[in-house]
Amino acid sequence: MKPHYLLKNLTKLNYLYSTRRLTLSQRITLFTKKKSSNAINFCLPATTIIVNNSKYCTNAEFNQSSPQIKAETLFNSLNSYYQINGYVKADTLNELLESVERDDKLSKEQIEFLLTLCNPIRMPTENTAVRKEFFERLWNVLKTRNHINKELCHIKLQIFKDNRVPLTNFRQILQEYEENGCTTSTPDLYSKLLRIVCESGNIQQALEILTEMRNKNFALAEADFNSLILGHARSFDINNSYKILDSMTAAGLSASSETQTMLIIAHLENNDIPKAKEILHKYHGQFSAAQIFNILRSCLIVDFDFDLEFISQLILEIPKLDLIGPEVPTALKSVCIEMIHNKKLPVVLKIISTLPNPEFNINQNTDTFGNFLLHHMFAIRHETEGIIEASKLLKDSGKNERALHVATEIAMKRNPPVAVEFFKSLSTEEPLRPHYFWPLLIHNFRKHGESGIIRTLKIMSTLQVTCDEDTIIQYILPKLSIMLNEPAKAIKLLQNAGLKSSHIMPIIIEYLITQDKLEEVFELSELYLSKFDMTKLIPTLSKQTANVRAKKRYFQFAKMLSSLLNRNENPKVDIIGQLLIRMLATQGRIRTDALEFLRFIRQMHKHNLKISPTAVNVIQSYLKQFENDHRAEEIQKTLKDMTNKNYILSDESEKSFDLRTSSFAKHPRDMSLDELECHLIELETKKLNTRGVLRRLLQLCVRDNRLERALEIKTKCDQLNVDISPGMLASVFDMYIKLKDLPKAKMQLEKLKKTFPGFQIDEHKIIDYAALLVHDGELDVAKKLLEQRSETQKIFGGDYVLKNVWNFLTNVANIAAQISPPLAKEENITKENFEFLKKLGYCKIHNTLLGPIVREYLLRRDLRSAIEEFKKLAQRYRHTPLQFEILSLLVRLGNADSKEFENYAINVEDAQTLLREVISTVTSVHGQTNLNSALILAFAESGTDNQLRRLMLNPEFHINEELLHKNCEHLGQEGAVSTLMRLARASRNLRTIDEQSIYNMLLNKFVSINNYSGALDLYECLEADDELKISQEFLQNLVKLLKYNNVNVPSNLALRAQVI
């Protein structure tokens, strides 16, 4: 039968075959981000082995639960193993016994079954003492529960016989029978006792039993004479054995094949092989398989070398019908296993070589015969050369043509470095495949780190094995996270290890893209001039645009594309066009946000990247929704400037990316949160696999701050034992940060680092975690964490993490205000940490990030120092942090009726003086009109209605209307209802501010959070103002909000909105 070749994925059978249909980028994503199986299954042709890998997170670790296994479960496991193999392992039985001894219940029948396992046939790997110990432990359990009966006593005698247990006083057994209500006056019982003492050669006890039998007038049967023959032989008195035979004949009993079996054993154990051969030859064909197996077991109790030819003759005596099948008979297998563990390996090899070749039925595995021999040779730590010879014996005899493959797989499972010798032997017979070395790669990485990977590659190169893409993607690149920080050096090391640069270049480039290392990709493509097919990179590049957009790295992305295009093996193919189409087809944010799409093509145009006319047509079909956007004209012009008629977009590419003509359902990764929830309900209703949807749903719920739902999804994942990916663990880590659960966040971070050491956690998550540490008073730990991150990975910083850095600094300001005793005026911990973050590259000078520096003084109730710091920052950086808050506070303090004087230890005059200083500072930075715009909002927030109205009626009070409108929009988003209402009333009948637009801003805020009750309260407040005429735009939007929430529209509102 020709061996078929099978390869297993990390979690599913035949997974690789399914991934053969995927692109290289999809396989990289699958294999670098979804490794979470409890074990990795590796196969050489047609055989599976399992290599435990602690580098992968198990569900038990994820769920943090490891309950004790119940006895019933252990029993079922042991019974299943026994049914398959015909014997049991001592460690499994010991674990079960410990559970039973802890009072974990098993039925009486189950324990009786366990008793029967304590014999050489069913526990061949252990010696008599171990088997007897197990038996006694089980017997004690039965005695404790008062379950001893006649049947169990018989089982005990059988176990004693099989294990040749020495019996010094047979009357103790008789007494035990009587104590359990069993009769002892039966010839069968005395025959069994006689056999037990004769098995160990105890003639004295045998004579006492014979005396008892004579006293009870029990006649001796053939079995009794056979026992005596064996007993005298084992007491090294073979002459008496023959006297017993004469007595047997005199009693009128003829010698049967069982008697001859006893005589052969007698001569065999007394080192009289010729006589044993003579008897065997004389009674040829009369022995049963059980009798031959009994003779073979006698080899175990002698210490001299056997005549192996005699072993062959014994095997040939076994009836052929007992040997027909695909495997060694179970009883003979147990005898062989016992011999292996008792250093009788030559006898076993002779047995195996003498057995006839196996016969297989259709669809049966042809590589099972003799596998037990190889397994147990490994178990006793036999030398490698001997195991290879045994494998070749099986192969050359035609009994198992894949024996060497099986031995290699066992070596990879038990001790991967040992497998190298097997690979060398195997390489002389067939070309080796790269996936044979996966367990070795994992082992060497765990033991030696990245140098272990290089060491394994050199071994593969020596054996002339070329790495394929799957090996590189799954087991090489993910393990070289440190080495790949310098890709050029990494490629040189891989070249020295036997890999070709032209082969690994595109794979490494794609891997680096998935790791968001755009600069490294650029440097690599400039350094190496190898050409490759860039179309394979398009799916990865498209997916990476989400990170590019989030981190605002449009320039770096376009720069990298420009360099990569110079390495494209077919310069006429429209790579950029295909990329843009795929981005629009798969990235919902880019497809719906004109500004985001424009940012990409602007940079592409600046780097002189071109697209085909066909691609432009497809892109324009996606951009019809941008027709009313003011950026549409610039998008069209940029696309026109990028068009080059010499580029070609294949029809296949056009069709594959045009989702408007696709009849396929969305993939979960392209679904929105609401679509995923609906899809989950559908899958649960149909009782289909929900694991993939749950993983994606968990990540989106955490991202959108639906934390309660995220916890529910995690509970479902735990219950279903969903495979754990690094991305999923990172989302759970982020979830606990947002829930401010520091202990669990710490635990998840440690697990993520330990389980997926090469995984790069998002920069914003690390900063948020540091902010949580600060919140819980661990500022030094947080700083150390951020410093370590900057030492090991490149820090991007910038607007991408602006909000996260602000949150960190705000937490620092809060803990600084709580320090006792209070800090000196010149001390500002927030400022120190801002400089610390700026030095590491997490942030730059920004008005938002300077705010917490001033806020620290405000929280410390030191208003004068806050104003002084405000003035310094304005002078140094030309920024005015917390401008609105400070102006509002000073306006409030400047009113005589303010109740906050005691908090800041100032009076009205001081507040007015400080207000003048702030006004002067803001004017010097932003100008008078911009200051006036800020003052209006400050008085709307903290001043009186009269103050605000007088200010706005002053003809010399000029404002920046655009800035004021922008600030009002911001306040509307923040929900500052009272401030904007006061501003709107104060601006009535003034041209500078549109009162209706302010009300629309407030309504838009309520619409965005779906707060229809707040919107109705706003409407009722406006309706009560008789002088105000509410706009139709406001009324129509309010009606839409109420209808969306299925709320009855009040009649007066319906009448005004003209919907009746």
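Is Lys551 buried or exposed in this structure? Hold that thought for a minute, everyone, and thanks for coming.

First, some ground rules. This is a predicted model, in which local features need pLDDT of at least 70, side-chain atom pairs count only at pLDDT 80 or more, and totals for chains, interfaces and linings use all residues. Residues are numbered from 1 along each chain as its sequence is written, and side-chain values use heavy atoms, with hydrogens and water left out.

Now, confidence. pLDDT is the predictor's confidence in each residue, from 0 to 100. The protein chain has a mean pLDDT of 83, with 90% of its residues at 70 or more. Residues 1–67 have pLDDT below 50, and in the model this stretch makes 185 contacts beyond near neighbours in sequence; a contact means heavy atoms within 4.5 Å. Residues 654–664 are also below 50, with 14 such contacts.

On to salt bridges, meaning a side-chain nitrogen of Lys or Arg within 4 Å of a carboxyl oxygen of Asp or Glu. The structure holds 42 of them.

Back to my opening residue. Lys551 is buried, at 13% relative accessibility; buried is under 20% relative accessible area, exposed is over 50%, and partly exposed lies in between, using a 1.4 Å probe and protein chains only. Lys551 forms a salt bridge with Asp516, and their closest N and O atoms are 2.6 Å apart. This pair links distant parts of the chain, 35 residues apart: Lys551 sits in helix H30 (residues 538–551), and Asp516 in the loop between helix H28 (501–514) and helix H29 (518–527). Asp516 is buried as well, at 6%. Helices, by the way, are DSSP runs of H or I with at least four residues, and strands are runs of E with at least two, numbered from the N terminus.

Next, have a look at Arg137 and Glu101, a salt bridge with closest N and O atoms 2.9 Å apart. Here helix H7 (residues 128–144) carries Arg137 and helix H5 (residues 90–101) carries Glu101, 36 residues away. Arg137 is buried at 16%, while Glu101 is partly exposed at 42%.

Finally, a network: salt bridges link Arg164, Arg195, Glu199, Arg234 and Glu269. Let's zoom in on Arg195, in helix H10 (residues 187–199). Arg195 counts as buried, at 13% relative accessibility. Leaving out residues up to four places away in sequence, Arg195 touches Lys161, Ser227, Leu230, Met262 and Asn294.

That's my tour; happy to chat!
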